[in-house]
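Hello,

Here is the structure I promised to pass on. Please open it first, then read my notes below.

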Amino acid sequence: MITTDAMTLLILGMNHRTASQELRGRVSFSDAQKASALQALVALDGVAEAVIVSTCNRTELYVSGGPQLATVRGGVEPLQHWLERYHDLPAGALDDHLYAHADESAVAHAIRVASGLDSLVLGEPQIFGQFKQGYQCAQDSGTLGPRLDSMFQHAFSAVKQVRSRTGIGEHTVSVAYTAVQLAGRIFDHFERATALLVGAGETIALVARHLKEAGVPRLIIANRTVSRAEALAREVGGEAVSLNALPVALRQADIVISSTASPTPVLTYDMVRASMKARRYAPLFMADIAVPCDIEPSVAKLEDVFLYSLDDFNDIIDDNRRSREQAANAAELVIEQSLQQWRVACRLRSIGPMIRKHREQAEQVRQAAEAQALAQLARGHSPEEVIQRLSHQLTNRLLHGPTTRLRDASREQRDDILTAFEHLLLEEPAATTSEHQQGTRSR
């Protein structure tokens, strides 16, 4: 019986819609954790392949394996329990915060994530790079198998179509740019402002470029690894300092935007309070775009400090989302077309084993007939006689099974089999010369 390809794909995750920033921070995976976490994932019963995509706004487990992964008991529950154990959370802590997608729904979700359609900022381009990083990490860790590889490659191709055929990527408002927009609500003019950027990764690099374009004349970049801060500082014409210099840098800053991978806050209440006193309580804008938090939430209680976290970006994000709805609708049509291509590819893959088996059986018949013909030639039989016998044998042996099953189908009134037989095995009769000439004259 022909069946569609059971890819047995499963995605389990949480994002900005299903969990708070605090919970997302507790469930995120650092770069240092991913390799060991991937190995632990494929050690689970039924899991053969695994990819982890973990960003400031989402953590998702992409797995493939046995058919049991597509069921709640066989797939979602073990993955949830593993996620809770890995991050030292009590059992059931993630009950109301996870979503799951299986098989074709998983493919559609992967494409939407990689296209930026599922991001906090609609159309955000950064997620595509993070999606590819998750893929590369799994490849390097040896947990990327053919099923997930096929899905990710299909998603990569679909994202290119979405970007080229829709306006979803035009003038994209990223989380980094949103932070700069929020700073503009506090400071009407950036010409005299000093910005302190904590971290030196991709997000902070984007922030630095946006601030430079907005006219901020002085950028201070603080990072644990000073050489990385120096590299970014050279690019944007800023200054590089170590994290130890944060108390001094805070006294000089009007804008503070932080995004590090630190497991604990790098900007504490006491540190910011001391800096505010030294700077005579001049207004200070702070944006924490890290997961987990870089700035202690209690800092928001300080007078003249305007602290924003990722969860506070909703107003600007909503404006951005409304402006991109038309492009997103067009992108969904592209994704549906891509899913249709995926369905066709799955059906083609599913028929492969049947074709191989059919060819193997035909090859066995051919080899047996060939051996018999060679033996007859060796015994001195006439070549013409051997060829005639060989052709008859091949015809009879290849048609015996289908003919027998066709008669059985007729007796059992299996019209579906009879129709399929006619469609698959009977060629259309060639047109006669007179019919062909008649058709030509009619044209």
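**Aromatic rings**

Y62 is buried, at a relative accessible area of 0%. Buried means under 20% relative accessible area, with a 1.4 Å probe and protein chains only. F131 also counts as buried, at 0% relative accessibility.

Before more detail, a word on the source. This is a predicted model, where local features need pLDDT of at least 70, side-chain atom pairs count only at pLDDT 80 or more, and totals for chains, interfaces and linings use all residues. Residues are numbered from 1 along each chain as its sequence is written, and side-chain values use heavy atoms, with hydrogens and water left out.

The structure holds 12 aromatic pairs. Rings of Phe, Tyr and Trp (its six-membered ring) pair if their centres lie within 6.5 Å; planes under 30 degrees apart are stacked, over 60 edge-to-face, and the rest tilted. Y62 and F131 have ring centres 6.0 Å apart and planes at 80 degrees, so this pair is edge-to-face. Y62 sits in strand 3 (residues 58-65) and F131 in helix 5, so the pair ties together parts 69 residues apart in sequence. Helices (H or I, at least four residues) and strands (E, at least two) are DSSP runs, numbered from the N terminus.

F285 and Y308 form a tilted pair, 5.5 Å centre to centre with 35 degrees between the planes. F285 is in strand 9 (residues 284-288) and Y308 in strand 10 (residues 305-309), 23 residues apart. F285 is buried, at 0% relative accessible area.

Ring pairs also link Y62, F128, F131, Y135, F152 and F156 into a cluster.

**Helix 14**

Helix 14 (residues 383-411) has 29 residues. From first C-alpha to last it reaches 41 Å, close to the 42 Å expected at 1.5 Å a residue. That expected span is 1.5 Å times one less than the number of residues. Where is the kink in helix 14? A kink of about 40 degrees lies at H400, shortly before the proline P402. The bend is the angle between axes fitted to the seven residues ending there and the seven starting there. The buried residues of helix 14 are V386, Q393, G401 and A409. Just after helix 14, Q413 takes a positive phi of about 55 degrees.

Best wishes

Key:
Buried means under 20% relative accessible area, exposed over 50%, partly exposed in between (1.4 Å probe, protein chains only).
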